Amino acid sequence: MSDRPTTTNDSGNPAPSDEHSQSVGPNGPLLMQDHYLIQKMAHFNRERVPERVVHAKGGGAYGVLEITEDVSQFTKAKLFQKGARTESIVRFSTVAGELGSADTARDPRGFAIKFYTEDGNYDLVGNNTPVFFIRDPQKFSDFIHSQKRRADTNLHDHNMQWDFWTLSPESAHQVSLLMTDRGTPYSWRHMNGHGSHTFLWYNAAGERFWVKYHFKTDQGIKNYTADEAAALQAVDPDAHLRDLHEAIRKGDHPSWTVQVQVMPFEDAADYRFNPFDLTKVWPHGDYPPITIGRWTLVRNPENHFAEIEQAAFEPSNFVPGIGASPDKMLQGRLFSYPDAHRYRVGANYLQLPVNRPKSPVHSYNKDGAMAYANSGDPVYAPNSAGGPAADPARWEGEGHGVAGEIIRSAYTLHAEDDDHGQPRTLWEKVLSGTDRDHMVSNIVGHASAPEVTADMRRRVVEYWRNVHKDLGDRVATGLGINGT
């Protein structure tokens, strides 16, 4: 019997799981009745006032998406029809750092876009990496806590970061990317963006497909080494913010080639990897990226706070032709993001100019702090007073069958599912020799922080040996613990 106490919720009730959210079967959607998950996410969203709990430091600009190819066979979403031109706003950010942190810190970069479509806002909330550290939202607040400050000293602690990572082997793919020079991009203009999650597309005939989004920088990938990034932190902690603003001001408008990977709906059931696992990529040899258009940043905001800090992105903003997948992390974010905005900005955050859709709003929501729009009567549905009525036909094609017992479980493993295969491929086949050298030195530097214990350094070595023996052995040499 373990001497460790049992995890509870804030009411003292025993927690049902530290790792798994409640779903319909191992692969099905999550349930609103999972009160422990909702309590964790809702509490996590309210930990900081007023800056964002995650993605606090960032900047952004306005852009235009232009679709050049016909993908109507995959989706009826109007913004993705050939010739469509859609205005947008983007916010780039670091993930773990606070509002005053340095732009060049080693961290993933947020890549969140709001498209102002004629069917309302469509938000694509992703990162500059195609994967993430975890695959279940039950662990999200715990992961972020491990990257933030200690409760006792209020200091960042590399030991607790490695503690979480080494106890969460699913993190290996993302941590591998983080420890290359991709973890310190040269600028926001010189990095790719990814929707990361898998999404549902459906066409006018009701045929369904799974998709992943990729925004490939036309400026070329460019990164700093660890030494270069550290040096720039001391000189200009706002380097990325400054770079983007100055480039657009001078008329050097950055652009990205927009691509999608498309998987036939039926392929997901027995694909060799779980296609909804956020720690996995779809190999391009299986599902080649299809170029569909270009996205270009055209103007800077006039007021950073009003237009960028109050910008509220939420993956739950869908338009007809696009829907959610059973990706558990996406399912959690569908609730978590808008809930965070209601708390941080206010109940009527969608009435702010930067968040307000350009299409008409006919909502039955009313009142609340800082209400501005006049919803008028009637304020309830159904009604006989001529109020707006929903049109389910516009969403035909979105539904699909799910079945299973209500359980808490990891995903069902597919034939080639594991936590180390894809980061091993990254090490063996993607990274150059210089990339591998820098990755090793970055890991060693991070794990050599004085607070990282000897036991933890041995765990770090084992973590990387599970990815690749050569990688782990080189880390061991760098940490001076060979032979363990």
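**Close-ups of salt bridges and a buried threonine**

**View A. Lys78, Glu118, Asp119 and Arg394 come together in a network of salt bridges.** Keep in mind that this is a predicted model.

**View B. Arg294 pairs up with Asp218 in a salt bridge.** Their closest N and O atoms sit 2.9 Å apart. This pair ties together distant parts of the chain, 76 residues apart: Arg294 belongs to strand S10 (residues 290–299), while Asp218 is in the loop between strand S8 (208–217) and helix H5 (226–235). Arg294 is partly exposed at 38% relative accessibility, and Asp218 is partly exposed too, at 33%.

**View C. Arg272 and Asp286 meet through their side chains in a salt bridge.** Here the N to O distance is 2.8 Å. Both residues lie in the loop between S9 and S10, 14 residues apart. Arg272 is partly exposed, with a relative accessible area of 28%, and Asp286 comes in at 32%, also partly exposed.

**View D. Lys469 and Asp473 form a salt bridge within helix H12 (residues 469–479).** The closest N and O atoms are 2.6 Å apart. Lys469 is exposed at 59% relative accessibility, whereas Asp473 is partly exposed at 22%.

**View E. Thr75 is buried, with a relative accessible area of 0%.** You'll find Thr75 in the loop between strand S2 (58–67) and strand S3 (85–94). Beyond its neighbours within four places in sequence, Thr75 is in contact with residues including Phe80, Trp201, Tyr202 and Ile322.

Note on methods
Residues numbered from 1 in each chain as written. Predicted model: local features only at pLDDT ≥ 70, side-chain atom pairs only at ≥ 80, totals over all residues. Heavy atoms only, no water. Helix = DSSP H or I, 4+ residues; strand = E, 2+ residues; numbered from the N terminus. Buried < 20%, exposed > 50% of the residue type's maximum accessible area, 1.4 Å probe, protein only. Contact = heavy atoms within 4.5 Å. Salt bridge = Lys/Arg side-chain N within 4 Å of Asp/Glu carboxyl O.
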